[in-house]
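Keep the viewer open as you read.

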Amino acid sequence: MVKIRSLLNILATLVSLVAVAPLFFYLDALVQGAFLLALFGGLVFDRRRWYPLTPLPATLLSLVCVAGYVLQISRTSLVEPMVNILVLLLAIRLITEKNSRNYLQIFVLAIFVLAGSSLLSLSMAFLVYLLLLLLLVTVGLVLLSFYSTDPELLLEPGKARRLLTFSLLLPACSLPLMLLFFAILPRTEHALWNFLNPGTTATTGFSDQVRPGQFAAVGHSRTVAFRVSSEPLDAELRYWRTIVLNTLDGTGWIRKNPPGQEILRAQREPPRTLEFFCEPRQGLYLPTLDRPLQISGLRYRDIGELIFTARRKNERGVHYQVTALPSGQLRLVRFQDRDFYLQPPVAVSDRVREVARSIAAGAPGAAARIDRLQAFFRGQHLRYADRDLPETTDPVDTFLFQK
């Protein structure tokens, strides 16, 4: 005999696994671990009919998880905190006692999680995950109708197979229509909701992303961004620092906060204090003099890589002080994830790949490879331009070898 509850528990696990799989590597490491533990722990708890979290602690834990990631939501970081919240809520639901409402919550959360993955990456694989999730959720809803009538219902193996077969026929009948819409509706290499992953829209003022190859010219603006009051600074020391773009998303450079928290120290120079007067603008990033040590005069966040953000949008202009070492030496005190900075783009041209291999071949270490890289870049006679820029789908190859 097959328990209807056991079938639903297995389906809830499979639904969760299919929903999270396409965005698993976009999640924070803590969320990844929590989900995997909940996935396997839920099966064990369901089998033993014993659950470590009762409804009240589960609700409180859910509120804490939501609050922790809501604080990270900003204009430049919206999707990642939201999908982390959804996956954590799904994980909590997997390890708590389940009734009809709880199973339905798992199915709904799984649908939202899979939809969230389309905001980060969209490919033909998404269709496979969508079809699998549709099949599993449909079967789950059919079983749930029986479960709501009798939670302890037992099915003979033959009847269970017939019930599952009938459940699979429902989405199978709609599959041709889904394939038709998937074929005729436009698809893009960008995320599903383009307003969260803008393509070629021009930006006036400070931009938190760079997409080379998509514009033929860079516009100029004489609008004042910020003013600085300080002791006289030599021209070569007036290097202003606002953001570090550290991640390739396929078509350009964006910023992601590095995992862990590296600690950098600047030394060999008395610190200088400067007053910054920033004009109103969108965004949270605060301009500083390079090699900043600290900011005073307003509430801020240190997000790593000597980058600081305000706690709220600069809609009226802000005034703050920056202590910096403009010619100091940087020393790395702690660094947790070196691989974060060594991720190549998804598509690399044959010429770029060949140059990389020749530079790495025979080099005894990282320092030697960096020296060879410097020599290569100098040998290409690269120059800065803001007009007559090449519009191309492979800006790195075009920049290095053509124009």
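Start with a count: nine salt bridges turn up in this structure. Keep in mind that you're looking at a predicted model. The general idea behind such pairs is simple: side chains of opposite charge can pair when their charged atoms come close.

Take Arg49 and Glu152, which form a salt bridge with their closest N and O atoms 3.7 Å apart. Arg49 sits in the loop between helix 2 (29-48) and helix 3, while Glu152 sits in the loop between helix 6 (124-149) and strand 2 (154-155), so this pair ties together parts that are 103 residues apart in sequence. How open to solvent are the two ends, buried or exposed, or something in between? Arg49 is partly exposed, because its relative accessible area of 45% falls between the 20% limit for buried and the 50% limit for exposed. Glu152 is partly exposed as well, with a relative accessible area of 46%.

Now jump to Arg351 and Asp397, whose side chains meet in a salt bridge at 2.6 Å, N to O. Here the pair links distant parts of the chain, with Arg351 in helix 8 and Asp397 in helix 10 (residues 395-401), 46 residues apart.

Asp388 forms a salt bridge with Lys403, and the closest N and O atoms are 3.2 Å apart. Asp388 lies in the loop between helix 9 and helix 10, and Lys403 in the segment after helix 10, so the contact ties together parts that are 15 residues apart in sequence. Asp388 is exposed, with a relative accessible area of 57%, and Lys403 counts as partly exposed at 48%.

At 26% relative accessibility, Asp394 counts as partly exposed. Asp394 and Val348 are 46 residues apart in sequence, yet their C-alpha atoms are 8.4 Å apart in space.

Next, the helices themselves. Two packed helices are described by the angle between their axes and the distance between the axes. For helix 8 (residues 350-360) and helix 9 (residues 366-379), the angle is about 135 degrees and the axes are 9 Å apart. Helix 8 and helix 9 are therefore oblique to each other, because an angle has to be over 145 degrees to count as roughly antiparallel. Their crossing is right-handed.

Over to Arg316, in the loop between strand 12 (308-310) and strand 13 (318-324). With 80% relative accessibility, Arg316 counts as exposed. Arg316 and Glu279 are 37 residues apart in sequence and 7.3 Å apart in space, C-alpha to C-alpha.

Ile73 has its place in the loop between helix 3 (55-70) and helix 4 (79-94), and at 30% relative accessibility it counts as partly exposed.

Technical notes
Residues numbered from 1 in each chain as written. Predicted model: local features only at pLDDT ≥ 70, side-chain atom pairs only at ≥ 80, totals over all residues. Heavy atoms only, no water. Helix = DSSP H or I, 4+ residues; strand = E, 2+ residues; numbered from the N terminus. Buried < 20%, exposed > 50% of the residue type's maximum accessible area, 1.4 Å probe, protein only. Axes fitted to C-alpha atoms, helices over the stretch in contact; angles between N-to-C directions. Parallel < 35°, antiparallel > 145°, perpendicular 65-115°, else oblique. Left-handed = near helix turned anticlockwise from the far one by under 90°. Salt bridge = Lys/Arg side-chain N within 4 Å of Asp/Glu carboxyl O.
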